[in-house]
2 protein chains.
Amino acid sequence: MTSPTPARRSRRTDALSAAAIIDAAIAVLDAEGEEALTFRALSIALETGPGAIYHHLASKQEILAAAAQRLVVHALADVPTDLDAEGGIRAVMLAFFDLFDAHPWVGTQLSREPWQAALLEMFEAIGAHLDALGVDERYQFTAASSLLNFVLGVAGQHASATRLARDLDRSTFLRDIAEGWKDEATAASHPFSRRMADQLAEHDDRQQYSDGIDFVLAGIAAVAVEGGLR
Amino acid sequence: MTSPTPARRSRRTDALSAAAIIDAAIAVLDAEGEEALTFRALSIALETGPGAIYHHLASKQEILAAAAQRLVVHALADVPTDLDAEGGIRAVMLAFFDLFDAHPWVGTQLSREPWQAALLEMFEAIGAHLDALGVDERYQFTAASSLLNFVLGVAGQHASATRLARDLDRSTFLRDIAEGWKDEATAASHPFSRRMADQLAEHDDRQQYSDGIDFVLAGIAAVAVEGGLR
DNA sequence: TCGCTTTTGGAACAACGTTCCAATAACGAG
DNA sequence: CTCGTTATTGGAACGTTGTTCCAAAAGCGA
């Protein structure tokens with residue numbers, strides 16, 4: 001098998017490169033999920049061995065971080081630029097949600113390494129609108145961080161929910177959780193959650209995310225625009 | 001070695017149990033960090049083998065989830081109950097931060113499994129105050145979720161930062177990141193982050209978290225209390 | 001005292017990320 | 001063109017992980 005073909009041109013027709021490895025990694029992650037990205041799977045996809053991969057990238061972390069950054073940059077490139085300040089922030093934030101919805105593994109990756117490259121891109125994209133929004137300069141760092149932290153929380157939950165509900169249906173998965181909240185013993189000690197159980201089962205993730213942004217933006221407007229309290 | 005001592009009373013003086021295993025797991029996690037919790041480390045700490053552990057708990061996930069839930073419940077038990085609605089929510093949210101600061105691995109765990117037991121406790125503790133805060137019933141689910149997502153984002157970042165800065169000092173770690181933001185090429189394409197670099201290096205995590213809560217609470221008050229817009 | 005069930009702990013397994021290395025292609029200097 | 005040097009390749013091997021399996025031991029009801 002795999003006859004040597006002694007003296008053709010190149011060992012590979014397509015040269016291996018960091019970019020090619022990241023391409024393959026994204027393809028595997030999107031097609032089969034986070035836990036499917038192994039050096040063995042990558043080796044098969046690229047028709048090579050782990051040694052060759054390690055010659056271009058230092059670790060699995062580096063592959064994941066680079067893959068996440070590429071998708072973040074790509075998603076941000078598609079955001080329209082002719083919007084007012086608030087519309088611009090909303091568009092950026094929704095672009096993040098759609099990215100995490102299409103590539104849930106990115107949500108996991110962003111919590112693996114602090115202030116990695118992808119996070120800088122997100123931080124910048126959010127912060128770029130704060131001046132135009134009229135946010136007092138002293139509040140801009142906190143405002144951008146708050147929006148970023150909110151996105152990251154959603155991204156993490158969305159990723160783990162998708163991971164678990166990979167075979168299972170999302171709605172039946174949520175219905176099961178909601179049923180648990182309606183269990184007598186649980187409901188007795190968790191009355192608020194009991195009241196919310198039906199909404200949990202029926203809610204729209206994207207709408208809820210958008211409503212959450214409304215809260216944070218309204219809060220920033222109330223506290224940090226035109227000199228809020230202290 | 002380990003002479004059999006043929007016929008004493010019990011095989012172990014302290015009976016193995018789920019609670020004892022979780023105790024040991026928390027001790028290992030707090031003392032040596034997330035990646036130190038292995039079945040081998042647990043076996044040594046409990047003076048047993050992996051088989052005995054699996055007889056009481058089904059998987060490593062289950063151990064981590066139970067450990068996280070215990071700490072969340074414990075942290076919530078210490079929150080004073082004689083506060084007004086807003087003070088109550090603030091106290092709960094700050095209790096979460098202090099928990100994630102003392103036990104960073106909890107922040108990672110909460111993103112591993114969706115709607116796990118610990119999250120229900122957090123969701124309930126937040127939501128319990130929303131009626132008293134005057135939040136319209138239609139907004140309570142979204143309001144509680146938004147606060148929860150914000151906490152989870154902070155927890156995840158805090159956990160990964162602590163993990164990376166385990167040997168390294170936190171302030172020098174942040175200073176290094178900030179220096180990267182001041183790099184000429186980076187600064188040119190990321191002017192907002194460039195302006196924020198010094199604040200990144202000097203900011204207080206807990207204060208920033210508290211300010212973020214101010215934003216979200218102000219936004220909830222503006223949008224969802226006494227019938228906000230739409 | 002005996003039979004059955006629970007509990008124990010260690011051996012064994014497959015899979016993972018990573019390291020190492022011998023073989024090969026590419027390339028610059030002569 | 002030729003040759004020594006470097007870059008690149010891919011597979012074998014390593015140590016560690018979570019998990020499974022099983023035989024021995026302890027506890028317990030009849």
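Helix H7(B) is mostly covered in this predicted model, with ten of its eleven residues buried. The buried residues of H7(B) are Ala118(B), Leu119(B), Leu120(B), Glu121(B), Met122(B), Phe123(B), Glu124(B), Ala125(B), Ile126(B) and Gly127(B).

In the loop between helix H6 (104-109) and H7 of chain B lies Trp115(B), and the loop between helix H6 (104-109) and helix H7 (117-127) of chain A holds Trp115(A). Neither is a glycine, yet Trp115(A) has a positive phi of about 50°, and Trp115(B) has a positive phi near 50°. The table sets out the accessibility of these two tryptophans.

| Residue | Relative accessible area | Class |
|---|---|---|
| Trp115(A) | 19% | buried |
| Trp115(B) | 17% | buried |

Because buried means under 20% relative accessible area, Trp115(A) at 19% falls within that class, and Trp115(B) at 17% does as well.

The contact between the two chains draws on 65 residues from chain B and 65 residues from chain A. Together, chain B and chain A bury about 5000 Å² between them, and 66% of that area is on carbon and sulfur atoms. On the side of chain B, the residues that lose the most area to chain A are Phe141(B), Phe192(B) and Phe215(B), which together account for 16% of what that side buries.

Polar and charged interactions also cross this contact: there are four salt bridges between chain B and chain A, and 14 residue pairs are in polar contact, counted where both residues have pLDDT 80 or more. One of the salt bridges joins Arg195(A) to Glu137(B), with the closest N and O atoms 3.7 Å apart.

Several helices of chain B give two or more residues to the side that touches chain A, namely H7 (117-127), H8 (130-133), H9 (137-164), H10 (170-182), H11 (184-189), H12 (191-202) and H13 (205-224). Of these, H9(B) gives the most, with 21 residues. By residue class, the side of chain B that touches chain A divides into 32 nonpolar, 21 polar and twelve charged residues.

The two chains are related by a rotation of 180° with 0.0 Å of shift along its axis, which superposes chain B on chain A with an RMSD of 0.0 Å; that is the relation of a two-fold axis. The same surface serves both copies, in that 100% of the contact residues of chain B recur in chain A.

Terms used:
Residues numbered from 1 in each chain as written. Chains lettered and ligands numbered in written order. Predicted model: local features only at pLDDT ≥ 70, side-chain atom pairs only at ≥ 80, totals over all residues. Heavy atoms only, no water. Contact = heavy atoms within 4.5 Å. Buried area = accessible area lost by both parts, 1.4 Å probe. Salt bridge = Lys/Arg side-chain N within 4 Å of Asp/Glu carboxyl O. Polar contact = N/O pair within 3.5 Å; in protein donor to acceptor, adjacent residues only side chain to side chain. Helix = DSSP H or I, 4+ residues; strand = E, 2+ residues; numbered from the N terminus. Nonpolar A, V, L, I, M, F, W, Y, C, P; charged D, E, K, R; others polar. Least-squares fit on C-alpha atoms with pLDDT ≥ 70 in both. Buried < 20%, exposed > 50% of the residue type's maximum accessible area, 1.4 Å probe, protein only.
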